[in-house]
Amino acid sequence: MILLLSVFEQGLIYAIMALGVYITYKILDFPDLTVDGSFPMGAAITAVLISKDLNPLITLPISFIVGAFIGMLTGVIHVKLRVRDLLSGIIMMTALYTVNLRIAGRANLPIYNKQNIFDNDFVNSIFPQTLANFKTFILIFIITMITKYILDWYLHTKSGYLLRAVGDNDSIVTSLGIDKGFVKIVGLSIANGLVALSGCLFAQQQRYYDASFGTGTVVIGLASVIIGTSLFKKITLLRVTSSVVIGSLIYKGCVALAIRMGLQSTDLKLVTAVLFLLILVAGMDRKKKVKTDARA
Amino acid sequence: MLELKNIDKYYNPGSVNELCLFKEFNLTIEKGQFVAVVGSNGSGKTSLLNIICGSIDVDQGNIIVNGTDITGKKDYLRHRKIGRVYQDPSKGTCPGMTILENLSIADNKGKAYGLTAGVKKSRIAHYKKLLAQLNLGLEDKLYTKVGALSGGQRQAVSLLMATMTPIDFLILDEHTAALDPKTAEIIMELTDKIVQEKKVTTIMVTHNLRYAVEYGNRLIMMHEGKAILDKTDAEKEDINVDEIMKIFNQISVECGN
């Protein structure tokens with residue numbers, strides 16, 4: 001039960017990150033590795049702010065804004081300095097490793113005995129004793145759903161249409177008299193904002209920050225996006241964002257199952273990678289991507 | 001009015017592959033003209049369009065629109081007053097978005113793309129009317145993704161999108177070349193209708209000599225970066241396809257094609 005709950009909690013937290021990856025990978029067609037740095041950055045900032053006894057609620061907007069700034073930097077490196085998409089992400093990811101260590105001050109920062117958004121006086125007072133075990137899950141569910149609906153709304157605004165257009169066919173954006181580079185930068189900002197927000201929630205759920213949080217984040221995100229979009233391709237009633245959230249839950253479930261079958265928790269990253277490979281091979285998504293990435 | 005003054009354009013300057021495309025090239029297009037541009041491959045037709053649209057830079061010379069020099073202006077800024085339809089039907093539309101969404105983003109051209117709803121419900125009737133004019137049955141397919149349409153249908157939508165908002169120039173880059181003859185004919189008639197209606201200055205590059213003779217009120221034949229033939233209004237009326245073909249063959253023979 002506790003294990004299942006933890007799978008759902010983490011699945012939903014990672015779903016927010018996967019929504020960010022969905023923007024870069026599916027909408028912008030930009031394989032953004034910055035994610036491996038912006039996720040732990042959200043976690044690091046949150047851990048530091050919470051350890052300084054700040055109201056945990058403000059860690060959410062702060063993480064999003066800092067993440068968005070990081071995404072903007074990746075965008076500027078790619079668009080203005082004309083560095084390839086993959087390399088821009090690698091540069092940022094590598095740089096952020098050090099930046100995150102600097103922010104946290106060390107590789108591991110525990111916040112066990114501090115209040116966080118899931119465990120504070122207010123939350124504890126409104127949840128009855130019988131629901132105490134579920135309060136983290138319920139709160140994460142609410143936050144993830146709100147995020148998903150805001151993203152749905154955004155993708156149907158004029159600005160959101162431009163974002164979808166730039167990934168679909170960027171010459172049309174130029175034809176509309178809009179700088180396509182600017183639209184890409186906006187997309188990368190929103191994406192990395194979501195990723196950092198996800199990292200922020202993760203640090204509060206885990207109650208510590210660790211420098212290794214980031215490794216493999218992009219793989220988890222991509223796997224969730226690919227599971228979600230290829231499994232639910234036929235169901236048009238379901239919005240793509242919802243399929244990505246479900247994809248993330250399925251993926252976390254698979255990883256948890258693999259660990260349950262006798263693998264060590266230190267095998268986690270290997271399991272993550274192998275599962276991702278299996279998903280890529282099973283889904284037909286790789287064909288198109290291999291071609292475009294080889295060209296990029 | 002569009003003026004190209006003393007344009008120089010080199011490809012691969014300074015290398016063994018250096019190619020001089022334009023050398024002191026001059027061209028003036030009056031407001032309201034419908035210019036058909038023909039010429040063999042490599043004659044500079046598409047480069048001419050790219051220079052006007054800012055997709056490629058010039059090495060020398062000035063591009064002047066209505067008296068303002070736009071030579072250094074970024075391509076996307078120039079496009080605010082230019083509508084462009086490409087040879088490739090997939091380049092003028094977003095395949096992953098519906099017809100309604102495509103028309104909506106095109107309809108908003110020139111205004112801010114902010115956080116208001118992408119589709120204006122009150123405009124849907126107007127879009128349906130525009131689509132109905134095409135006679136392709138697209139008015140009932142507003143919620144179909146453009147990627148699911150045929151090349152001709154897409155090109156018709158591209159043409160609508162390019163001309164929805166007020167523009168100074170319509171640029172047509174071999175926009176019927178990828179279509180079958182019948183569809184090409186429909187698109188060409190549609191183009192003529194829109195150009196007449198909007199009275200927009202139009203530059204059309206085409207490989208179809210018949211279209212060049214039949215449509216528009218000015219015909220330019222390009223060869224090695226020069227306009228070797230330039231007939232307007234009454235002069236153009238006198239030209240027939242055979243004559244153009246003869247000149248076209250002559251220059252091709254000279255090049256050894």
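The following legends describe close-up views of a predicted model.

**View 1. Strand S8 of chain B and its burial.** Strand S8 of chain B spans residues 201–205 and is mostly covered, with 5 of its 5 residues buried. Burial extends to both faces of S8(B). On one side lie B:Thr201, B:Ile203 and B:Val205, and on the other B:Thr202 and B:Met204.

**View 2. Strand partners of S8(B).** Strand S3 of chain B (residues 34–39) pairs with S8(B) in the parallel sense over 4 bridges. Within this pairing, B:Val35 has B:Ile203 as its bridge partner in S8(B). Strand S7 of chain B (residues 169–173) also runs parallel to S8(B), and 5 bridges join the two. Here B:Leu170 stands opposite B:Thr202.

**View 3. The β-α-β unit ending in S8(B).** The unit is made by S7(B), helix H6 of chain B (residues 181–198) and S8(B), and it is right-handed. The two strands of the unit are parallel and are joined by 5 bridges.

**View 4. Surroundings of B:Val37 in the nonpolar core.** The largest nonpolar core has 144 residues, of which A:Leu162 and B:Val37 touch the most other members. The greatest contribution to this core, 14 residues, comes from helix H9 of chain A (residues 180–206). Beyond its neighbours within four places in sequence, B:Val37 is in contact with B:Ile203, B:Met204 and B:Val205, among others. The contacts of B:Val37 also include B:Lys45 and B:Leu48, as well as B:Ile220 and B:Met222. Of these residues, B:Ile203, B:Met204 and B:Val205 are buried residues of S8(B), while B:Lys45 and B:Leu48 are buried residues of H1(B).

**View 5. Helix H1 of chain B.** Helix H1 of chain B covers residues 45–53, and because 7 of its 9 residues are buried, the helix is largely enclosed by the rest of the structure. The buried residues are B:Lys45, B:Ser47, B:Leu48, B:Leu49, B:Ile51, B:Ile52 and B:Cys53. After the helix comes B:Gly54, which has a positive phi near 85°.

**View 6. The side of chain B that touches chain A.** Contacts between the chains involve 27 residues of chain B and 19 residues of chain A. On the chain B side, the elements giving two or more residues are helix H2 (75–78) and helix H3 (99–107). H3(B) supplies the largest share, 4 residues. By class, this side of chain B consists of 10 nonpolar, 11 polar and 6 charged residues.

Terms used: Residues numbered from 1 in each chain as written. Chains lettered and ligands numbered in written order. Predicted model: local features only at pLDDT ≥ 70, side-chain atom pairs only at ≥ 80, totals over all residues. Buried ≥ 20, exposed ≤ 12 C-beta atoms within 10 Å, placed from the backbone. Core = buried A, V, L, I, M, F, W, Y, C linked by C-beta atoms within 7 Å. Contact = placed C-beta atoms within 7 Å. Nonpolar A, V, L, I, M, F, W, Y, C, P; charged D, E, K, R; others polar. Pairing = 2+ DSSP bridges. Right-handed = clockwise from strand over helix to strand, strands pointing away.
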